[in-house]
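I opened this notebook to record what I looked up in the structure. The entries follow the order in which I made them.

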Amino acid sequence: QSFKAMVPTKRLTRQADGGRHLDHAGFGVAQNKCYAKHLDPTDPTSLAYYRSIADILDEIGAPAELGGLERVPANSIPSLGNNHEGVELLRISALYGFLSWGTDDNGVPYLRNSPGTTRMATAAAILLAAHHFNTGDGSVVREIEGINERCNVRLVVDFHDTENRKKTAVDKLVREIVLPEGTVDARTPTTAIFGDFSSSSTIPIASLASVYGVPHVCPVCTSPVLDDPTLFPYFGRYIASDTGTAKAIVNFAMQRNREANPGEELRYIGVLYRKSDFTDAYFLAVEEYGKYIMSMSDGGLGNRVEGSHFYELEEVDAAVQALARTDFKVFIGVFTPSYYDAVMEAAVKYGIAGPGYVWILSELTSTSKLARDSPYLAGSPIAIASEGIGFIEAGGGILTEGGETGYDRFVSAWLNQTDDQRDYLNCVGHPRTNIYPTNESLYNQASPGYFAEEMPVPPRSALFLYDSAISFGMSACGLLAESNETIDGAKLMERFLLNEFEGASGYISVDPETHSRRPETAFFQAFQTRGTTQGNETTFLEMEIISHTTYETGSNSTDLTWTDVPGKVWTYSDGSTNFPLPLPDIDFNENHISARMRGIFYFLAAVTFALSLFFSGWTFLHRKTRVVSSAQPLFLHMICFGTACMSMSIVTFGIDDSIASQQTCTLACMMSPWFFAIGFVFAFSSLFAKEWRINKIFRNPSLKIMKVTPKDVIIPCIILLGLNVLVLTLWTALSPLVWDRYFVGNIDKFGRDLESVGRCNTTEGKYWGPYFWTLASINFAMVLLANFQAYQSRHLSVEFSESEHVAMIMAAVLQALVIGIPLVVIVERNPISLFVVKSLLVFIICFTFLLVMFIPKMLHLKEARIEAKKKAERIAEARKRDTAFQLRRSETTLIEEDGLAVHHPKLEQDELRSLKAALDEANDREKELRQRIARLVEEQPDNPCDK
């Protein structure tokens, strides 16, 4: 603060009018190192060329006390327009790296490089701005048309060589612009500082300029560090910072993705950069804005910007590998061209370059140098990966057909500069050298036709510098028109930041919170590599501009809009024009029932259904046999009908959206409980009726004769069926099941769902639980009651052991339900397992019913037939024997032996033995029956027979 207090407040030096007027002034003829050839100043057609500020002051009659201004260097030459009352000189000091010096082993300095055409073009742009402002030429910026007649401010420019070094830049600022003691130089004070070209050199200059209170502008510095007005209150720029460029790159990628992949938002971006102050700031800008803008469209799924950096060439491989582990598809590269080949080769190696991937490089990777570094072998990985690489940078503009934009007008003015202006540029467009001040031959000289032939396209720095110089002049005029008070650097900078106009670089508007250009008003351009094959090499000849941003004056939108150049199409490395999917493909599991699994259980369902029909037909055919009639055919038909219904539920269990529409799936959802419940009631209630009939007959204390008709035992079946139908009807009407698909919460590292299940559920606000558990309770109670009936009749022996078979079925069904229902609950969220468990449960129940109930009866029927056949054979044999016996009784059998007739009674004895065996068998059967009656009597203590 003490150092800042030593610096006097800056003001624009007011010069008095000496009474002599210059009607016209402009670029003149330069001779012999800027020797001024003065023509008649009163001739309005003459061209006056002024060597120094001292010449100007002499022409306008400056006061004698300002005579010290002749010390101004010869390169500080303005072009004056008309003046009447006096002139305010606004001095712009340009700090740029023109020459780069080195020192050999002997300490002798040598020139590393000359400034080239870009630095000369930059100087030409500032001088052109001074010329247009001083002469009121509004051919580019409409607002300054005739400003020389309304305002007495004139621009003065001088140049200082920083040698592309921060130390030299600071030294020049202190030694040549401000005196070491901290006081203002006696000559015309510097009103604004332009420079340097790099952010690293600009940051210390901006710090000192803020201390001195001098407005400072950098044409192409983009570091976000300079976006802090609390640190750099006197710094401003008409180029967007890296934060704005980051916004442009992210918006470009997001817009391309939306066009190609509607509904698939870009939410993940990888950044690869070489570690430095500049690239660190660039990555932070991409990260901060990328997360912000992507979070507005991520639907709450999250977003991420991942960075990976390297220091040296040998670290590139590891950095790219780390980036590959992210599984991203879109990458931003921030590195110099010397690392390009290594980066892309590693990217191909780890599978993140080429078809299916997008790489967008920052302006740090020089497009022109990259083109010069080709060719690459045709078909090689790096050649494939390089095709379609994008480059995005802040530019100045693009020529349009109408030629009505500020850029169009600037290019026109640029190309129309004359050789006199070229000579003027050669004379004053550079500073004196730091090493050899008198040797101006070290600088490049613009050749004839420089503007139209050698530099037909002005560099972007020229556009920003032109606009900045014009804006400072406009700011000074505005302040002087408002007040005659002293104008300091703070007021001038404030007005500079508030100016909005269409300049050479488009519509200009500055964000007051960052002192940088609003990104939405800046012009960004997207280049893309275009390769041509020559022999066995693919040469990337040029970087062709494909797209650029557009801004509608007066728009309040903060979004950037990208527009393709007419006739140009962005082509990706796979040759298509479609932006690849922003994330790798996922193996999404919809948990569909496989065709094989469905086929297996549908086969089991078909077998069950076929057996039900078969056993029902068998029952009908043998309904009059003792085996079937004793089991009552009606109940057997009910069992077959029930198992057939239950088998149909297996079919509905297997319906999902892989084979049917959602409407069909919903229909199957509600049909499943109907099929199973109705079938289960028919099948199980018949067994319940059988057990109830057996217990009613045999557990009769009075031993009265009882007749139990089918009508008596069918009543429980009707009651159970009615209850099931009632619950199912209410369920279907009030809270029906609908089929829908749900995500199960299994997500990948990008927050994407990896799995869903389709299942039956009720609509929102409705519940299926009460109906299901009511239905389950009714039928489970029936199972328990039937098992209790079977337990009571466990010692009863009925014909064909039917009670044992019924008990076996009930026990098996109870066991299946006890095990199966918990399994259904456990696998409820896995449709495949649920289908398997439910289908197996139904199949086991149905087969238990059918096999245990019918197979023994079929075996009994077979045995009965065999026994009947044997009995028939025995009867036939007995009848045959009886006939023979009668014959023997009525006739005498003689056997002649030696002429004698003998009578043999042996045939009668055989018949007696057969009859005795039959009697023994009858006695054994009687004994067995008496034993059974005794056991029954023992179980009935109150039976009057016991007494």
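**Entry 1: Backbone geometry**

I began with aspartate 327, which I found in the loop between helix H9 (316–324) and strand E11 (330–334). The model is a predicted one. I read a phi near 65 degrees for aspartate 327, a positive value in a residue other than glycine. Most residues other than glycine have a negative phi, and most peptide bonds are trans. Aspartate 327 counts as partly exposed, because its relative accessibility is 35%.

I then turned to asparagine 591, which also is not a glycine and has a positive phi of about 55 degrees. I placed asparagine 591 in the loop between strand E21 (561–564) and helix H18 (595–621). Is asparagine 591 buried or exposed? Its relative accessibility is 7%, so I recorded asparagine 591 as buried.

I looked for a cis peptide bond and noted the one from glycine 195 to aspartate 196, with omega near -5 degrees. Aspartate 196 belongs to the loop between strand E6 (190–195) and helix H6 (199–212).

I also looked up tyrosine 551, in the loop between strand E20 (537–550) and E21. Tyrosine 551 has a relative accessible area of 25% and is partly exposed. From tyrosine 551 to threonine 561 I counted 10 residues in sequence, and the C-alpha to C-alpha distance is 7.4 Å.

**Entry 2: Salt bridges**

How many salt bridges does a search of the whole structure find? The search returned 13 salt bridges.

The side chains of aspartate 227 and arginine 237 form a salt bridge at 2.8 Å, N to O. Aspartate 227 is in the loop between strand E7 (216–217) and strand E8 (235–236), and arginine 237 is in the loop between E8 and helix H7 (242–260), so the pair ties together parts that are 10 residues apart in sequence. I noted both aspartate 227 and arginine 237 as buried.

Glutamate 482 and arginine 495 meet through their side chains in a salt bridge of 2.3 Å, N to O. This pair links distant parts of the chain, since glutamate 482 is in helix H16 (residues 460–482) and arginine 495 is in helix H17 (residues 489–498), 13 residues apart. Glutamate 482 is exposed, with a relative accessible area of 57%, whereas arginine 495 counts as buried at 18% relative accessibility.

For lysine 275 and aspartate 280 I recorded a side-chain salt bridge of 3.2 Å, N to O. Lysine 275 counts as partly exposed at 25% relative accessibility, and aspartate 280 counts as partly exposed at 21%.

**Entry 3: Aromatic rings**

I noted 27 aromatic pairs in the structure. One of them joins phenylalanine 641 and phenylalanine 682, an edge-to-face pair at 4.8 Å centre to centre with 70 degrees between the planes. The pair links distant parts of the chain: phenylalanine 641 is in helix H20 (residues 633–653) and phenylalanine 682 is in helix H21 (residues 662–698), 41 residues apart. Phenylalanine 641 is partly exposed, with a relative accessible area of 43%, and phenylalanine 682 counts as partly exposed at 22%.

Why is the pair of phenylalanine 843 and phenylalanine 847 tilted? The ring centres of phenylalanine 843 and phenylalanine 847 are 4.3 Å apart and the planes lie at 35 degrees, so the pair is tilted. Both residues lie in helix H25 (residues 831–890), four residues apart, about one turn of the helix. I recorded phenylalanine 843 and phenylalanine 847 as buried.

I also followed ring pairs that link Phe194, Tyr238, Phe472, Phe496 and Phe501 into a cluster.

Next I looked for charges over rings. The charged end of lysine 329 sits over the ring of tyrosine 357, 5.2 Å from its centre. Arginine 623 lies over the face of phenylalanine 620, at 4.2 Å from the ring centre.

**Entry 4: A surface patch and a helix**

I noted a nonpolar patch on the surface formed by Val818, Ile819, Leu823 and Ile826, which together have about 380 Å² of accessible area. Isoleucine 819 counts as partly exposed at 48% relative accessibility.

Last, I checked helix H5 (residues 166–177), which has 12 residues. From its first C-alpha to its last, H5 reaches 16 Å, close to the 16 Å expected at 1.5 Å a residue. Which residues of H5 are buried? I listed Thr168, Ala169, Lys172, Leu173, Val174 and Ile177 as buried in H5.

Conventions:
Residues numbered from 1 in each chain as written. Predicted model: local features only at pLDDT ≥ 70, side-chain atom pairs only at ≥ 80, totals over all residues. Heavy atoms only, no water. Phe/Tyr/Trp six-rings, centres within 6.5 Å; stacked < 30°, edge-to-face > 60°. Helix = DSSP H or I, 4+ residues; strand = E, 2+ residues; numbered from the N terminus. Buried < 20%, exposed > 50% of the residue type's maximum accessible area, 1.4 Å probe, protein only. Lys NZ or Arg CZ within 6 Å of the ring centre and 35° of its normal. Patch = residues over 30% accessible without salt bridge, like charges linked within 9 Å, V, L, I, M, F, W, Y side chains within 5 Å. Areas by Shrake-Rupley, 256 points an atom, 1.4 Å probe, with all protein chains shown as cover. Salt bridge = Lys/Arg side-chain N within 4 Å of Asp/Glu carboxyl O. Expected span 1.5 Å × (residues − 1).
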